[in-house]
Amino acid sequence: MFPKPLPSLTPNTFEYESLPMVKATGFREYDARWLFEKEINLMGLQALGMGIGTLIHERGVRPDLVVGHDYRSYSSSIKMAVVNGLLAAGINVHDIGLALSPMAYFAQFALDVPAVAMITASHNDNGWTGVKMGIDRPLTFGPDEMGRLKEIVLEAAFDLRGGGSYRFVDGFPEVYFKDLTNRAKLKRPIKIVAACGNGTAGAFAPKILEALGAEVIPLDADLDYTFPNYNPNPEDMKMLHALRDKVLEVGAEVGLGFDGDGDRCGVVDNEGEEIFADKVGVMLARDISALYPGSQFVVDVKSTGLFNTDPVLLANGAKTDYYKTGHSYIKRRVTELDAIVGFEKSGHYFFNKPIGRGYDDGLVSAIAILDMLDRSPDKTMADLRRDLPKTWGSPTMAPKCADEIKYDVVERVVARFQDMKAKGETVGGQSISDLITVNGVRVVAEDGTWGLVRASSNKPELVVVVESPVSEARLHEMFKAVDGVLRENPEVGEYNQTL
């Protein structure tokens, strides 16, 4: 019998090499993330594979699964530990090798395989690992599946029926390449900078965009799992600033930045302005709703209020549903509502038919941006940005908060704002007009200025975003008010970046 995983073990000991270690907090809302060797070991990852296989049988899903891994020094060995567990549970494994997360999702369709387990820590710093999983394409696990997987693994309640098989799918990147490039080329060679942060996207993004007819200037596209320049995260201002500098240096029409596993795309316009992903979403929604009047969109609660107020979207009959932040949640909501696109402020975009297959792919997002520019030959990216109603928004800011306490802290913050509203107290000098609590709390002042606090789903931190349609001063007032409520909780630490 395979032993129950322990929550902690000391490295460089007999026990560490003889027992599985799995810290419970690594099972997050919709995927799994651990600090490798500190919170999970290879035997623990083998147990995770056994758990995924057991859940597949429990749900009555055909026992075939795609695996791939991102470009980190340890990802390949982690993948094979998970594969060992899958084989013991009787799963037929289809290994596509080094891949982007959307390549693994695409493989579910291209290879007709129902399940996926992509080994990636996405944009997390080196040292982290994780798995993005799904058994019902194009959806990935939500809280129900993650909760059940956690029970199976931590209790070692495995169905180890054996009989699994392994095959390596040779040349799969070419299949993905052909799928994205088998279409009409751009009408003109749009000059772009493609920033990859030395992550996995560097192996694929420049070549694919070039094949579509763009003039591509790669930036940090050489694979280097030490990430020597900055973390491959298009929400990180350091990456966006590097992209801005290159765009201005070479006179590019747009800069596109891809995260570590290639499912997100950040944007800098031709004037070097960093456009947050939710604003890019409004620009794309304008373009798409003109082609498909009455379009249904889904956006996360961190996103700009323009989706509900933009006059062009209203004129095009567009409808927008604000929903929980998280790639699994938005993906599921897009499917439920048959929305044409779902947008997250983090840069996850979920293009549904006829543009995509419902999952998040940074290259599909990049192509949609290039198509938008191609359809607007008389306007630059900066012109399209300026066409939007003016708002002042923050980057996504993340104060540290331990996994074990962060949800409790958010509950306290929600209760505090609810109490303030009930008592008629002000926030940032204005009365509270609305509290949206579908995911943490979005507190909205009477002038439309709002601030959001929620727990990060994949790191030991909170998430804070503020926006004002009025002025930069109101933006800062709202941030000060929200941060003031946060500081009532001593468990909340320093921000990764701030206004």
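Predicted model: local features only at pLDDT ≥ 70, side-chain atom pairs only at ≥ 80, totals over all residues.
Before we look at the chain, a word on naming: helices (H or I, at least four residues) and strands (E, at least two) are DSSP runs, numbered from the N terminus. Residues are numbered from 1 along each chain as its sequence is written, and side-chain values use heavy atoms, with hydrogens and water left out.

Let me stay with Val-482 for a moment. Is Val-482 buried or exposed? Val-482 is buried, at a relative accessible area of 1%, where buried means under 20%, exposed means over 50% and partly exposed lies in between, using a 1.4 Å probe and protein chains only. Between Val-482 and Trp-450 there are 32 residues of separation in sequence, and their C-alpha atoms are 9.4 Å apart in space.

Now to the annotated regions, which come from UniProt. Its positions are given in the numbering used here, feature names are shortened, and annotations may be inferred rather than shown by experiment. An unreviewed UniProt entry places "domain: Alpha-D-phosphohexomutase alpha/beta/alpha" at residues 26–156, 176–272 and 278–390. Across residues 176–272 the chain is 28% helix and 21% strand, with its end C-alpha atoms 31 Å apart. Residues 278–390, in turn, are 47% helix and 14% strand, and there the end C-alpha atoms are 13 Å apart. The unreviewed entry also carries the annotation "domain: Alpha-D-phosphohexomutase C-terminal", covering residues 414–483, a stretch that is 30% helix and 39% strand, with end C-alpha atoms 13 Å apart.

Let us turn to the aromatic rings. Rings of Phe, Tyr and Trp (its six-membered ring) pair if their centres lie within 6.5 Å, and planes under 30 degrees apart count as stacked, over 60 as edge-to-face and the rest as tilted. How many aromatic pairs does this rule give? The count comes to 15 aromatic pairs. One of them joins Tyr-349 and Phe-351, which are edge-to-face, with 6.3 Å from centre to centre and 80 degrees between the planes. Tyr-349 is buried at a relative accessible area of 1%, and Phe-351 is likewise buried at 1%. Another pair is made by Phe-479 and Tyr-495, whose ring centres are 5.6 Å apart and whose planes meet at 65 degrees, so this pair is edge-to-face. Phe-479 belongs to helix α16 (residues 472–486) and Tyr-495 to the segment after α16, so that the pair, 16 residues apart, links distant parts of the chain. Both of these residues, Phe-479 and Tyr-495, are buried. Ring pairs also link Phe-297, Phe-307, Phe-343, Tyr-349 and Phe-351 into a cluster.

Charges can sit over rings as well, and here this is said when NZ of Lys or CZ of Arg is within 6 Å of the ring centre and within 35 degrees of the ring normal. The charged end of Arg-137 sits over the ring of Phe-109, at 5.3 Å from its centre, and Lys-207 lies over the face of Phe-177, 5.2 Å from the ring centre.

My last topic is salt bridges, each being a side-chain nitrogen of Lys or Arg within 4 Å of a carboxyl oxygen of Asp or Glu. How many salt bridges does a search of the whole structure find? The search finds 45 salt bridges. In one of them, Lys-4 is bonded to Glu-155, with the closest N and O atoms 3.1 Å apart. Lys-4 is partly exposed at 48% relative accessibility, and Glu-155 is partly exposed at 47%.

A second salt bridge joins Arg-183 to Asp-371, where the closest N and O atoms are 2.9 Å apart. Because Arg-183 lies in the loop between α6 (172–181) and β7 (191–195) and Asp-371 in helix α13 (residues 362–374), the pair ties together parts that are 188 residues apart in sequence. Arg-183 is partly exposed, with a relative accessible area of 33%, whereas Asp-371 counts as buried at 16% relative accessibility. Finally, Asp-269, Glu-271, Asp-383, Arg-385 and Arg-386 are linked in a network of salt bridges.
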